[in-house]
Amino acid sequence: MSEHAPLLEVRAIRKAFPGVVALADVSFDILPGEVHALVGENGAGKSTLLSIINGLQLPDSGEIRRDGQAVMLRNPSVARAHRIALVHQELVLCPNLTVAENILLGQEPKGRFGRTDRKAMYQEARRILGAIHVDLDPARPTGELSLNEQQIVEICRALVSDPKVLIFDEPTASLNDDQVQHLLAIIRNLKAKGLGIVYVSHRLAEVFALADRITVLRDGRAVATLPAAESSEAVVIRHMVGRDPAPNRIERGTSGTAEVALAVRSLGAGKLFDDVSFEIRKGEILGIAGLLGCQREAVMRALFGALPVDRGEIRVGDRPCRARSPRQAIVQGFGFLPADRKGEGLVLPMSVGDNIALTMLWRFSALGFLRRRKKDGLAWEMIRMLSTKVASLSQAARELSGGNQQKLVIAKWIARGGEVFLVEDPTRGVDVGAKPQIWRAIDELTRQGKAVLLITSELQELMDISDRIIVMSRGRVTGHFERPEFSVEGIARCAVM
């Protein structure tokens with residue numbers, strides 16, 4: 001094979017599901033030592049295309065060629081045999097197993113009598129970790145690792161089969177900025193070894209920092225393949241959405257009133273966090289910034305009754321509040337939009353319509369009967385507001401793309417209502433065309449007098465949308481910034497105190 005011949009070619013791939021064409025004659029290729037990015041709005045067909053390349057689904061027509069030869073990738077084992085591996089967006093590790101056991105799960109070296117040769121297993125895990133210049137103890141339980149370290153274990157699992165084509169599906173969705181840079185350095189190292197990298201991400205800054213070429217999908221079609229060095233974010237977004245990009249920044253003007261919606265005084269929970277105090281006024285967005293481990297997520301869960309607190313005071317309006325369960329928190333006026341849409345935000349086997357109505361079925365009941373027309377009317381209103389792509393209200397939530405699942409979580413809580421909304425990473429896994437829709441929906445909540453406590457892994461987003469920001473470090477509040485004072489440097493200093 002020529003040095004510059006494609007490692008993998010996707011030719012005229014088509015895939016249809018009932019009521020929708022997911023892919024229509026999509027073609028692209030991957031060269032040795034190249035990072036080829038796939039971008040597109042949620043529902044553009046990226047996940048379906050990755051599933052076909054990894055053998056999880058068969059195409060209706062078209063072909064895949066590996067080293068110039070047509071191959072039929074009937075399942076992931078066949079894909080691995082052809083040296084194609086996928087690093088999943090959602091981590092699929094066993095937390096009770098060690099790093100080495102996770103890396104070599106199902107491919108453990110065997111010794112006498114068919115038993116696992118643990119010494120050889122740890123040596124092989126060290127070799128793979130060393131190949132990407134990572135110093136991680138292979139005997140360490142995976143459940144003790146940070147998200148960044150778990151992502152590295154996921155990459156090493158893919159490297160066990162010695163792939164020539166490695167696919168990354170939204171690998172940085174749960175990582176902070178420092179962790180992202182570490183991961184990108186690992187990918188560059190793999191590229192330098194001659195691997196062909198397929199990189200899928202909604203974060204265009206990462207795409208341009210990493211990719212050699214960019215293929216844009218829109219409505220199931222490959223509408224452009226662009227050299228990254230000769231393109232720009234604005235051009236890529238225009239191809240993605242079919243129009244000039246809308247600004248991410250929301251011009252909020254004068255936000256909030258003098259009336260306090262939520263007051264937190266000296267709140268503490270065991271050794272997780274202590275002496276946390278802040279206020280949010282009605283119509284205001286208060287952001288919480290901080291590095292991984294600062295415990296801002298723990299504060300969110302404590303307010304929502306999912307984590308017990310043992311000191312301090314919480315007041316919603318003029319009422320004292322101490323929710324001992326999420327059910328009590330909802331009754332007392334809280335709504336919670338979690339970042340983990342699959343584990344906490346949705347009931348995946350349930351329909352789109354039932355997920356939206358789940359927290360408020362009492363609204364649609366009369367004499368023990370469900371008023372389906374009223375329920376469906378509200379569901380369609382929420383779907384249209386957030387431009388969520390669904391085939392029907394009866395479609396299962398698990399069948400939606402990741403970004404549309406995220407929109408469904410937001411729709412559920414906006415429909416439910418409340419006084420204080422706790423919002424975690426609302427644009428995680430959401431494409432650039434949909435982000436402004438989500439921020440406008442959150443902004444609309446504040447215009448209705450609701451208060452929002454916001455966490456996002458992207459600091460620039462937090463500064464764009466928040467009225468004020470508090471910073472946490474090691475379980476304590478270490479800084480407070482009004483909007484005119486926002487700066488990356490100032491917030492970063494407080495985050496490492």
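Predicted model: local features only at pLDDT ≥ 70, side-chain atom pairs only at ≥ 80, totals over all residues.
1. Overall dimensions. The protein contains 17 helices and 22 strands. Its C-alpha atoms fill a box of roughly 75 × 50 × 50 Å along the principal axes. The radius of gyration is 24 Å, which agrees with the value near 23 Å that a compact globule of 497 residues would have.

2. The six-stranded sheet. Six strands form an open sheet with mixed pairing, in the order β16-β19-β20-β13-β21-β22. At its edges stand β16 (334-337) and β22 (476-482), each of which pairs on one side only. On average, neighbouring strands of this sheet are turned by 20° against each other, with direction ignored.

3. In which sense do β16 and β19 pair? The pairing of β16 with β19 (residues 420-424) is parallel and extends over four bridges. Within this part of the sheet, F334 stands opposite V420 in β19.

4. S473 stands opposite R476 in β22. The two strands form a hairpin with two residues between them, and R474 takes a positive phi near 50° in this hairpin.

5. Packing of α13 and α14. Two packed helices are described by the angle between their axes and the distance between the axes. For helix α13 (residues 372-385) and helix α14 (residues 402-416), the axes come within 10 Å and cross at roughly 125°. Why is α13 called oblique to α14? The crossing angle is the reason: at roughly 125°, it makes α13 oblique to α14. The crossing of these two helices is right-handed.

6. Residues in the helix contact. On the α13 side, the contact is made by L378, M382 and M385, and on the α14 side by A411, I414 and A415. How many nonpolar, polar and charged residues does the contact of α13 with α14 have? By class, there are six nonpolar residues, no polar residues and no charged residues.

How values were computed: Residues numbered from 1 in each chain as written. Heavy atoms only, no water. Pairing = 2+ DSSP bridges. Axes fitted to C-alpha atoms, helices over the stretch in contact; angles between N-to-C directions. Parallel < 35°, antiparallel > 145°, perpendicular 65-115°, else oblique. Left-handed = near helix turned anticlockwise from the far one by under 90°. Contact = heavy atoms within 4.5 Å. Nonpolar A, V, L, I, M, F, W, Y, C, P; charged D, E, K, R; others polar. Rg over C-alpha atoms; globule rule 2.2 N^0.38 Å.
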